[in-house]
Amino acid sequence: MPTITTAPFPVLQPESGIVSGSAYLPASPENVLWGRLPSRGDAAVLTVAPGQTIVVDTVSHEGMMSDQGSDPLGYFRHHGVPAADILSDTVDVAGRVARSDADGPHIVTGPIAVAGALPGDLLAVRIDKLSMRVPYGVISTRHAKGVLSGDSGLDGTYSQFCSVEERSGSWYGTMPLHPDAGAEKAAFPLAPFLGIMGVAADSDTRAHSVPPGLHGGNIDIKVLTEGATLYLPVQVPDALFYIGDPHYAQGNGEVALTALEAPLRATLTVQLVPAAEIGSRLAGVAGPFATAGDLLVPTGLHEDLNVALRHCVTNGIELLTGLFGMERRLAYLYLSAAADFQISQAVDQVRGVHGQIRVSDFPALSRTPLGRTLLGPLA
């Protein structure tokens with residue numbers, strides 16, 4: 001196996017690079033759940049005020065799964081990673097956090113209480129910065145869960161270790177074209193994002209980490225990169241926010257089962273939009289939505305991909321009505337002519353669709369008061 005002799009950027013071990021006084025949450029065993037999501041009865045591991053910026057470490061489950069030996073130190077050293085470049089929190093979580101076969105694969109950091117959040121509010125999570133913690137990651141398929149389930153040549157449990165390289169000032173993931181790991185490699189651009197961001201559901205039972213829902217969770221929307229803001233409908237007091245499933249890159253659909261899974265350090269700013277400010281403007285919107293650059297991003301979630309698309313289009317209409325005052329029939333026609341609807345993922349039990357609506361298509365003066373709050377000032 002090749003050895004990664006020099007990391008192309010500093011490996012972000014727990015606490016390393018953290019500015020003194022920062023609101024920092026490491027992904028230590030006491031701060032994570034493996035395979036389940038926080039519920040209303042879980043105690044927060046950090047409490048923050050609205051408007052506060054926090055730094056949160058995440059770890060990836062890849063290299064930790066039972067089919068990979070449940071030993072990240074052994075797994076990554078087998079692939080040529082020096083011991084010093086293997087994250088200590090990954091090793092600690094693998095050794096100290098319980099996971100059963102009934103649980104999902106994802107490791108989530110949290111829950112984080114946002115003081116004063118109440119059901120009916122929106123939790124706005126702005127993604128300020130996403131830092132890659134290591135120069136490698138893993139892509140996997142397992143349990144016949146990919147889109148081509150039933151294809152005897154492709155079903156199975158197998159993974160590919162990928163190195164991260166800098167090329168012409170940009171970061172790329174690389175992987176061999178053949179199993180013998182010859183000189184020929186494919187290289188694809190990286191665009192890190194968090195596959196899981198969510199709030200606790202109003203339940204005493206911890207939800208499985210795989211299917212997304214109205215609480216957010218495993219939504220796997222690749223446009224939620226730096227600068228994007230995710231809006232999550234608060235379900236329980238203090239929101240109990242969490243993140244996980246870090247990705248360096250993903251194709252829409254995530255067809256084999258996973259993206260390029262690898263750990264991230266996330267710098268996030270959390271804010272509240274009170275229910276009174278929302279009023280009835282977004283009453284018809286079910287589940288999370290986002291803004292990303294010039295895009296307004298509705299979501300649709302359902303076990304049936306066609307129904308997920310219907311939900312996403314409906315949510316898009318409701319957002320255009322609530323944020324721009326657009327008449328519903330005209331909003332429907334606009335979406336058909338000008339918006340894109342993408343399959344976020346088709347492999348997480350509940351399928352995901354997200355829309356991409358250009359905010360710049362609409363005159364700034366058409367924004368409702370809520371639209372000005374969520375999309376920015378008129379100027």
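Biologist: Why does Arg 126 count as partly exposed?

Modeller: Its relative accessible area is 41%. Buried means under 20% and exposed means over 50%, with partly exposed in between (1.4 Å probe, protein chains only). A value of 41% falls between these cut-offs, so Arg 126 counts as partly exposed. This is a predicted model, in which local features need pLDDT of at least 70 and side-chain atom pairs count only at pLDDT 80 or more, while totals for chains, interfaces and linings use all residues. Residues are numbered from 1 along each chain as its sequence is written, and side-chain values use heavy atoms, with hydrogens and water left out.

Biologist: What makes the meeting of Arg 126 and Asp 128 a salt bridge?

Modeller: A salt bridge is a side-chain nitrogen of Lys or Arg within 4 Å of a carboxyl oxygen of Asp or Glu. The N to O distance between the side chains of Arg 126 and Asp 128 is 2.5 Å, so the pair qualifies. Asp 128 is also partly exposed, at 27%.

Biologist: How many salt bridges does this rule give?

Modeller: The count comes to 15. Among them is the pair Glu 165 and Arg 167, whose closest N and O atoms are 3.1 Å apart. Glu 165 has a relative accessible area of 23% and is therefore partly exposed; Arg 167, at 34%, is partly exposed too. Another is formed by Asp 361 and Arg 358, at 3.1 Å from N to O. Asp 361 is partly exposed at 32%, and Arg 358 is partly exposed at 33%. Salt bridges with shared partners also join Asp 57, Asp 89, Arg 133 and Arg 265 into one network.

Biologist: How many aromatic pairs does a search of the whole structure find?

Modeller: The search finds eight. One of them, Tyr 75 with Phe 76, is edge-to-face, with 5.1 Å centre to centre and 85° between the planes. Rings of Phe, Tyr and Trp (its six-membered ring) pair if their centres lie within 6.5 Å; planes under 30 degrees apart count as stacked, over 60 as edge-to-face, and the rest as tilted. Tyr 75 is buried at 11%, and Phe 76 is buried at 6%.

Biologist: Why is the pair of Tyr 231 and Phe 289 called stacked?

Modeller: The ring centres are 5.0 Å apart and the planes stand at 15°, so the pair meets both the distance limit and the angle limit for stacking. Tyr 231 lies in strand E13 (residues 229-233) and Phe 289 in strand E17, so the pair ties together parts that are 58 residues apart in sequence. Tyr 231 is buried, with a value of 5%, and Phe 289 is buried at 3%. Elsewhere, ring pairs link Tyr 75, Phe 76, Tyr 136 and Phe 161 into a cluster.

Biologist: What covers the buried residues of H4?

Modeller: Contact means heavy atoms within 4.5 Å. The covering elements include strand E18 (295-302), helix H5 (328-338) and helix H6 (369-375). The buried residues of H4 include Ala 308, Cys 312, Leu 319 and Phe 324. H4 is followed by Gly 325, whose phi is positive, near 70°.

Biologist: Which residues is Val 91 in contact with, leaving aside its neighbours within four places in sequence?

Modeller: They are Pro 72, Leu 73 and Ile 86. Val 91 and Pro 72 are 19 residues apart in sequence, and their C-alpha atoms are 6.0 Å apart in space. Val 91 is found in helix H2 (residues 88-96) and is partly exposed, at 32%.

Biologist: How many disulfides does a search of the whole structure find?

Modeller: It finds zero, where a disulfide is a pair of cysteine sulfur atoms within 2.5 Å. Cys 162 is buried, with a relative accessible area of 1%, and Cys 312 is buried at 0%.

How values were computed. Helices (H or I, at least four residues) and strands (E, at least two) are DSSP runs, numbered from the N terminus.
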